[in-house]
Every structure is written in structure tokens, then in C-alpha cells.
Amino acid sequence: MTATPDTDPLGTRSAEPKAVNRSEPRGETVPPPANGRRFVVQRHRARRLHYDFRLEMDGVLASWAVPKGPTMDSSLRRLAVHVEDHPLDYFDFEGVIPSRSYGAGDVIVWDWGTWEPGPGENPVEAVRAGELHVILHGEKLSGRFVLLRTGGRRRGGREQSATKEQWLLLRTRDDASIDGWDSEDHPYSVKSGKTNEDVRRSASAPAS
């Protein structure tokens with residue numbers, strides 16, 4: 001996998017799940033170790049709200065846009081659109097992407113942690129094959145998830161390849177899955193304790 005050079009969302013060109021309560025912002029947690037198997041989920045308010053689900057592999061962040069956000073509810077199926085790989089520098093980005101830049105909008109680090117591939121699985125080959133099993137160890141998300149390709153996005157009658165493919169993100173059922181779990185009930189950044197609105201407000205405040 002290689003990062004796509006002409007996509008720059010920053011506009012720079014250069015165990016048990018831990019619930020997060022609305023009344024108890026979290027933040028200032030220690031970032032996961034840079035061991036080649038980090039994951040991050042960024043809540044991104046661009047033209048439309050979505051969650052950027054990113055897995056570190058092969059020197060880049062393999063990325064999917066999840067419109068309704070990941071869930072710990074095993075009965076739900078979340079659309080996940082496979083997008084361009086992103087550079088590792090994006091891992092802990094939180095802030096406002098300027099207008100007229102790719103992905104313009106506010107971003108928070110909604111969750112982060114480490115991950116493991118399914119037993120005996122080569123993650124890069126699994127992505128190419130269209131079915132990836134992962135075990136997440138995050139602040140909000142934990143346990144076994146599956147990314148499953150269902151098809152590509154058609155444009156002008158032709159199938160798109162590599163990116164813009166439609167996948168599903170699923171949480172497998174076990175003792176730690178949680179019925180009714182909704183990402184929107186857990187709005188705070190694990191990096192700073194802020195919400196998207198806090199980040200937007202801070203960016204627009206006049207310098208003192």
C-alpha cells in the first residue's frame with residue numbers, strides 16, 4: 001500500500017470496552033505505541049458527518065469512511081467506503097481543515113489504540129481480497145471486527161477500483177458486544193476531551 005500524494009486532508013501538501021459518558025469528557029490519554037499496529041477513528045464534520053476509520057499497515061493508514069460511525073452492537077451493519085491510504089502523520093490530527101482544502105471541516109480523535117489481524121491473516125493481502133478481520137484495543141472500541149467488501153461505486157456505468165469501494169464494518173457477537181451502542185452517544189475526543197464543536201469554536205476564536 002502506498003499513500004496517495006495528491007490527497008491532503010490537512011491542506012498542507014508537505015478487554016472490556018470503555019464507555020465515554022456525555023457528562024464526563026475524557027482526554028489527555030497516552031497515545032498508543034508506534035508499533036506498526038495502531039488504529040485511529042476520527043470524527044470528521046466535512047460536507048457530511050462521517051467517521052474516518054484508519055488502520056496502520058505497510059507504512060500507511062489504510063482508511064475507510066463510515067457515515068454512521070462504528071458500533072459495538074453486533075446486530076448492526078455499517079457502510080464503510082474504502083478511501084485513499086493516508087500518511088502516518090494523520091494519525092493524531094485534531095483541528096480544522098481549512099475551507100477549499102480536501103476534506104475541509106473539523107476533526108477530533110474520536111478513538112485510538114492498537115489492533116491485531118485475525119489469526120494467520122496478512123492484513124495487506126486481506127484488504128486486497130476484500131475481507132479483513134481485526135481485533136481492536138481502543139478507548140471506546142474493543143474486540144473483534146470484520147471489514148467486508150460488498151462492491152464498488154459505479155460512475156458512468158464503470159466500476160471504480162481500489163478506492164471508493166463499498167465495504168461493511170461489523171462487530172462480531174461475544175460477551176463484550178453491546179446492543180444499542182451508538183457512536184453519537186460518545187462524542188468526546190480521547191486525545192483532548194473536546195467535541196467537534198469545541199474544536200471549531202477554538203479555531204474561530206480571535207487570537208488574544
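**Entry 1**

I began with Asp 58, which is partly exposed because its relative accessible area is 49%; I take buried as under 20% relative accessible area, exposed as over 50% and partly exposed as in between (1.4 Å probe, protein chains only). I note that the model is predicted, that local features need pLDDT of at least 70 and side-chain atom pairs pLDDT 80 or more, and that totals for chains, interfaces and linings use all residues. Residues are numbered from 1 along each chain as its sequence is written, and side-chain values use heavy atoms, with hydrogens and water left out.

Asp 58 is not a glycine, yet I find a positive phi of about 55° there. I place Asp 58 in the loop between β2 and β3; helices (H or I, at least four residues) and strands (E, at least two) are DSSP runs, numbered from the N terminus.

I then looked up Arg 100, which also is not a glycine and has a positive phi of about 70°. Arg 100 belongs to the loop between β5 (95–97) and β6, and is exposed at a relative accessible area of 89%.

**Entry 2. Nonpolar cores**

I next listed the nonpolar cores, each a set of buried Ala, Val, Leu, Ile, Met, Phe, Trp, Tyr and Cys residues joined through side-chain atoms within 4.5 Å. The largest nonpolar core has 25 residues, and those with the most contacts inside it are Phe 53, Leu 55, Trp 64, Leu 132, Leu 136 and Leu 147. At least two residues of this core come from each of β1 (38–45), β2 (49–57), β3 (60–66), β6 (105–117), α1 (123–129), β7 (131–138), β8 (142–152) and β11 (165–171). The largest share, four residues, is supplied by β2. Apart from this core lies another, of seven residues, including Val 40, Tyr 90, Val 109 and Val 190.

What does Leu 132 touch, not counting residues up to four places away in sequence? I recorded Leu 55, Met 57, Trp 64, Glu 121, Pro 123, Ala 126, Val 127, Phe 145, Val 146 and Leu 147, with contact meaning heavy atoms within 4.5 Å.

**Entry 3. Aromatic rings**

Rings of Phe, Tyr and Trp (its six-membered ring) pair if their centres lie within 6.5 Å; planes under 30 degrees apart count as stacked, over 60 as edge-to-face and the rest as tilted. By this rule I count four aromatic pairs.

The pair of Trp 64 and Trp 167 is edge-to-face, because the ring centres are 5.5 Å apart and the planes stand at 75°. Trp 64 lies in strand β3 and Trp 167 in strand β11, so this pair ties together parts that are 103 residues apart in sequence. Trp 64 is buried at 0% relative accessibility, and Trp 167 is likewise buried at 0%.

Phe 91 and Trp 112 are stacked, because their ring centres are 6.1 Å apart and their planes are at 5°. With Phe 91 in the loop between β4 (77–86) and β5 and Trp 112 in strand β6, the pair ties together parts that are 21 residues apart in sequence. I find Phe 91 buried at 3% relative accessibility and Trp 112 buried with a relative accessible area of 3%. One aromatic cluster is formed by Tyr 51, Trp 110 and Trp 181.

I also checked charges over rings, which require NZ of Lys or CZ of Arg within 6 Å of the ring centre and within 35 degrees of the ring normal. The charged end of Arg 38 sits over the ring of Phe 91, 4.3 Å from its centre. Arg 171 lies over the face of Phe 145, at 5.5 Å from the ring centre.

**Entry 4. Salt bridges**

A salt bridge is a side-chain nitrogen of Lys or Arg within 4 Å of a carboxyl oxygen of Asp or Glu. I count eleven salt bridges by this rule.

Glu 56 lies in strand β2 and Arg 38 in strand β1, so the pair ties together parts that are 18 residues apart in sequence. Are Glu 56 and Arg 38 buried or exposed? Both are buried.

Arg 43 and Glu 184 meet in a salt bridge (2.8 Å, N to O). This pair links distant parts of the chain, 141 residues apart: Arg 43 is in strand β1, and Glu 184 in the loop between β11 and α2 (196–204). Arg 43 is buried at 11% relative accessibility, whereas Glu 184 is partly exposed at 28%.

Arg 45 forms a salt bridge with Glu 197, with the closest N and O atoms 3.0 Å apart. Arg 45 lies in strand β1 and Glu 197 in helix α2, so the pair ties together parts that are 152 residues apart in sequence. I finally noted that Arg 45, Asp 106, Glu 197 and Arg 200 are linked in a network of salt bridges.
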